[in-house]
Amino acid sequence: MALLETGRVVNITYQFNGQPRVGSGLLVGGSVVLTADHVAKGSGHEVLGLEGNFPAKVLVRSGSATVDIALLSVDGAVNLPLLTFGRVDRQNLDVLHDCMAVGFPRFKAVSGGRIAVHTYGSIPTAEGLRAIAGKGLVPGYLALKVDNTPRDWPTITPRRLGNFPVGGNVRFRGLVGHE
């Protein structure tokens, strides 16, 4: 299994409606960060990573709460090689093992910031299929089934990963959120 470098995980600070906010992201290559659309919707983005703090600009937003995904461009960040991506085959029942998620969730807020949570598990490929009259089975959101529960993990409903390209050899499978 290829490893995903810790230096790719970033904390994003920004303003939304005049209030300070915090989000999570992943340096996917070059100086581009994959994050959530609701994070990119704010202003004054700054990316905090192992290499320091860097200003960021919004490159692309989905503009959708349903497909909550965006890309930021980071000025001055380390230029990392591109991650490889692939699409989950949902034509056959399968379980994607060794999937990971890292982020800075609200329940890990501490004075002056947030503490990262790193969890892992598996993703069943038939998760989220919806039966719709006249259309048949329509893919919905994938969900990470968590194998390890971090300390002080709150009782939550699993969140979506989204129906977008997910990782290949690096085991990056998408974004997981907790509000």
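These questions and answers cover a sheet and the salt bridges of a predicted model.

Student: How many bridges join strand β11 to β14?
Tutor: Strand β11 spans residues 117-124 and runs antiparallel to β14. Strands count as paired when at least two bridges are found between them. For β11 and β14 the number of bridges is two.

Student: How many salt bridges does a search of the whole structure find?
Tutor: Side chains of opposite charge can pair when their charged atoms come close. The cut-off is 4 Å between a side-chain nitrogen of Lys or Arg and a carboxyl oxygen of Asp or Glu. One of the pairs is Asp37 with Arg61. The search finds four.

Student: Is Arg8 buried or exposed?
Tutor: The side chain of Arg8 meets that of Glu5 in a salt bridge, 2.7 Å from N to O. Glu5 is partly exposed, at 42% relative accessible area. Arg8 has a relative accessible area of 2%. Buried means under 20%, so Arg8 is buried.

Student: How many residues apart are Asp37 and Arg61?
Tutor: Asp37 forms a salt bridge with Arg61, with the closest N and O atoms 2.9 Å apart. The pair links distant parts of the chain. Asp37 lies in helix α1, residues 37-40, and Arg61 in strand β5, residues 52-61. They are 24 residues apart.

Student: Which residue of that pair counts as buried?
Tutor: Arg61 has 37% relative accessibility and counts as partly exposed. The limit for buried is under 20%. At 5%, the buried residue is Asp37.

Student: Where is Glu127, the salt-bridge partner of Lys145?
Tutor: The side chains of Lys145 and Glu127 meet at 3.3 Å, N to O. This pair links distant parts of the chain, 18 residues apart. Lys145 is in strand β14. Glu127 is in the loop between β11 and β12.

Technical notes. Residues numbered from 1 in each chain as written. Predicted model: local features only at pLDDT ≥ 70, side-chain atom pairs only at ≥ 80, totals over all residues. Heavy atoms only, no water. Helix = DSSP H or I, 4+ residues; strand = E, 2+ residues; numbered from the N terminus. Buried < 20%, exposed > 50% of the residue type's maximum accessible area, 1.4 Å probe, protein only.
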